[in-house]
Amino acid sequence: MDELLDDLLRKIQEGRYPPGSQLPPGRDLADAYDVSQSTISRAVARLREQGVLVGRPGRGVFVAEPTQR
């Protein structure tokens, strides 16, 4: 899971997922990384705890704006 976290953070830092952008659905990320959806859920939860991502009920998971971090 560390490689997954590192890759997601790198993509955020490089602007592939800029602040305010929505992450792809968990199913799509699981397919892209060839991992289970539960692994994606754990990774997203960890990044939410770190303030990198924010959840918006009914809408999805988004990259936190710099003011939210």
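**Reading the model by its cut-offs**

Modeller: Arg 16, Tyr 17 and Tyr 33 are touched by Lys 11, where contact means heavy atoms within 4.5 Å. Residues up to four places away in sequence are not counted.

Biologist: What kind of model is this, and how are its residues numbered?

Modeller: The model is predicted, local features need pLDDT of at least 70, and side-chain atom pairs count only at pLDDT 80 or more, while totals for chains, interfaces and linings use all residues. Residues are numbered from 1 along each chain as its sequence is written, and side-chain values use heavy atoms, with hydrogens and water left out.

Biologist: Where does Lys 11 lie, and what makes it buried or exposed?

Modeller: Lys 11 is in helix α1; helices (H or I, at least four residues) and strands (E, at least two) are DSSP runs, numbered from the N terminus. Its relative accessible area is 14%, and buried means under 20%, exposed over 50%, partly exposed in between (1.4 Å probe, protein chains only). Lys 11 is therefore buried.

Biologist: What makes the buried residues of α1 a face of the helix?

Modeller: The buried residues are Leu 4, Leu 5, Asp 7, Leu 8, Lys 11 and Ile 12. Viewed down the axis, they fall within an arc of 165 degrees, so they line one face of α1; the arc is that of the directions from the helix axis to the C-beta atoms. Asp 2, Glu 3, Asp 6 and Gln 13 are exposed on the other side. The cover over the buried residues of α1 includes α2, α3, β1 (53–56) and β2. After α1 comes Gly 15, with a positive phi near 90 degrees.

Biologist: How do you know on which side of α2 its buried residues sit?

Modeller: Leu 29, Ala 30 and Tyr 33 are the buried residues of α2. They cover an arc of only 100 degrees around the axis, and therefore they are on the same side of α2. Arg 27, Asp 31 and Ala 32 are exposed on the other side, and the cover of the buried residues includes α1 and α3.

Biologist: What makes the phi of Asp 34 worth a remark?

Modeller: Most residues other than glycine have a negative phi. Asp 34 is not a glycine, yet its phi is positive, about 55 degrees. Asp 34 follows α2 and lies in the loop between α2 and α3.

Biologist: Why is Asp 34 called exposed?

Modeller: Its relative accessible area is 71%, which is over the cut-off for exposed, so the word applies.

Biologist: What about Val 52, buried or exposed?

Modeller: Its relative accessible area of 12% is under the cut-off for buried, so Val 52 is buried. This residue is in the loop between α3 and β1. The C-alpha atoms of Val 52 and Ala 64 are separated by 5.4 Å, although the two residues are 12 apart along the chain.

Biologist: How do you know that the span of α3 agrees with expectation?

Modeller: The 13 residues of α3 should span 18 Å at 1.5 Å a residue, and the end C-alpha atoms are 18 Å apart, so the two agree.

Biologist: Which residues of α3 are buried, and what puts them on the same side?

Modeller: Thr 39, Ile 40, Ala 43, Val 44 and Leu 47 are buried. Their arc around the axis is only 130 degrees, which puts them on the same side of α3. Their cover includes α1, α2, β1 and β2. Gly 51 follows α3 and has a positive phi, near 80 degrees.

Key: Expected span 1.5 Å × (residues − 1).
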